[in-house]
Amino acid sequence: MLLRCRVPLANFELDIDVTFDARVTSIFGPSGSGKTTLLDAIAGLRHIPVGEIEVNGRTLFSSARGINRPPRDRGIGYVSQEGALFPHLSVRKNILFGANRDTYRKSKDISMNHVLDVLEIGNLLDRPVTKLSGGEAQRVALARAILSHPQLLLLDEPLAALDVSLKERILPYLRRVRGEFAIPMLYVTHDVSEVFALADWVIMIRAGKFIEQGAPRAILPSHWLTADPEQSQVENIFDAVWIEADPNAGRTRVRLECGREIVIPYMARPKESSLQVRIRGDDILLATHPPAGISAGNVLDGVIRDIEIVEGQAIIKVDATDIFTVRLTVGAVQALGLAEGRSVYLIIKTRSCVVL
Amino acid sequence: MISFLETWHITLFSLAVGLASTLAILPFGIVLAWLFARKEWPLKSVAETIVLLPLVMPPVSTGLILLKIFGRRSPIGQWLYDRGIEIVFNWKGVLVAMAVMSFPLLVRSVRTSFADVNPRLEQIAATLGASGWRIFFVITIPLAYKGIIAGALLAFSRALGEFGATILLAGNIPGQTQTLSLAIFNFVQTGNDPAAYRLLAITVLLAFTFVWCSEWLLRSGKKS
């Protein structure tokens, strides 16, 4: 996919020139960095003075060659932040609104039942959309976009309007969409955990300018920290496999991709055994000696690989089979005498391990 | 006094011509309101002002302009006359006067209801492959229909109350161009107060009903 555009905006000029090819690409940047404008430009909903947009080898827009396909002819599925369901139509009519567009229908056809199954909205079909919850509305909007047989799915912060617990319930649906349908996705977000949970590739923009692109683990989060220490979070996100759960103890054992097992809060066996666990860098304690008589469910031994000091904060990468990123104050680093190569113990509360 | 049959005739004539004028301006009003609400075009503000003029100009002045436009001595009036259509001093004059005078109210009301439709919905419909026509008829109109009906009711009420432009363009000919307002004026002039009051009661009742319906629609439209 080729994206090259220049759009003058109120405070800055959106100036992007990237080529990428990934199943799910995340456009990541703080609010007001021009992300929605970029999606609108791709969908043809906003005029671009200069640029070129190409999806799957098909030119949608080219100022040089005078090509400007109208939105209905671009084959783009757009899920906007607020869902934008048609309030006067039932869920069924919303979902089927773009379904008879067959311009882009190929052999890999998408059936309505399949979409309803994946998003678990089959029971909502005859409801008026005004009677849907926020999470349901987003799933319906997603189904509507998928069923229009798009070449590319644009997702504009689809979780931003939802509260945290709801967010964590919708993310798995997005991952299932990624797995079930061969539709490339462009996912706009300012939440680093969503990037890790979904994206294979991330394009960072800031104030309309391209900063960097790459695999999420390669460029996040340390880069983001330097880019924006104000609203930064340090996130550890691991692919994991469910092993066993004990409802009485309120615990579940999972195996991380690196082979290490950790304990997380109780969850019944999920439909798919693979899941993702998030541990905030601020929720991990470091100890220089093996702790005893401690309530935390996880104590992992590891070695410090890297210490980066950013504006009074220390970002420490600890190799405990997988790399864990921990954030401490510089004072704590000095008090404990932490340095690269030193052996440490990571202490992580069970409750600090969140399944995405 | 006034006979029941005469009362009935005047009321029915007013309602019929008012309805015809409202139906006649409805398609134009909808299209123009949409152009005002959704499109940018050169001299748009001039066009908006011209459309609103009959709302603020003395109705008699508007009537005089219409008389000049449709009178037989004007090119338009002559052209129509050659084709067997005469507007001045018959029911068609009443219709034209009502239409012109109520048009601004229709456009204003419908325009507001179009502006209230979230343009994002129309954009999303376009990305889903819908043509401009489909978006207009399946998304925009259904979402704005309450405002459209309210605007039509308002225009209809205004048409029923029309006086100044009508009397200039169509005259006040009993049984031919006499609407409720013209008849009331006539009866007051000739000292037939009981007849005037009877018609007055009818106009109050009609106006109240239509304006109440229109307001109710607009309110329920806002809520949903």
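Arg23 of chain A is partly exposed, at 43% relative accessibility; buried here means under 20% relative accessible area, exposed over 50% and partly exposed in between, with a 1.4 Å probe and protein chains only. Before I continue, please note that this is a predicted model, in which local features need pLDDT of at least 70 and side-chain atom pairs count only at pLDDT 80 or more, whereas totals for chains, interfaces and linings use all residues. Residues are numbered from 1 along each chain as its sequence is written, chains are lettered from A and ligands numbered from 1 in the order in which they are written, and side-chain values use heavy atoms, with hydrogens and water left out.

Arg23(A) forms a salt bridge with Asp200(A), at 3.9 Å from N to O; the term requires a side-chain nitrogen of Lys or Arg within 4 Å of a carboxyl oxygen of Asp or Glu. The two residues lie 177 residues apart, Arg23(A) in the loop between β2 and β3 and Asp200(A) in the loop between α6 and β10 of chain A. Helices (H or I, at least four residues) and strands (E, at least two) are DSSP runs, numbered from the N terminus. Asp200(A) is also partly exposed, at 28%.

How many salt bridges does the structure hold over all chains? There are 22. Another of them joins Arg327(A) to Asp282(A), with the closest N and O atoms 2.9 Å apart. This pair links strand β19 to the loop between β15 and β16 of chain A, across 45 residues. Arg327(A) is buried, with a relative accessible area of 16%, whereas Asp282(A) is partly exposed at 44%. Furthermore, Arg4(A), Asp17(A), Glu52(A) and Arg65(A) are linked in a network of salt bridges.

I turn now to chain B. Helix α3, residues 59-70, reaches 16 Å from its first C-alpha to its last, close to the expected 16 Å, a span taken as 1.5 Å times one less than the number of residues. Which residues of α3(B) are buried? They are Thr62(B), Gly63(B) and Leu66(B). These residues lie on the same side of α3(B), because they cover an arc of only 100 degrees around the axis, judged by the directions from the helix axis to the C-beta atoms. Their cover includes α2, α5 and α8 of chain B, where contact means heavy atoms within 4.5 Å.

Helix α2 of chain B also holds Ile50(B), which is exposed, with a relative accessible area of 53%.
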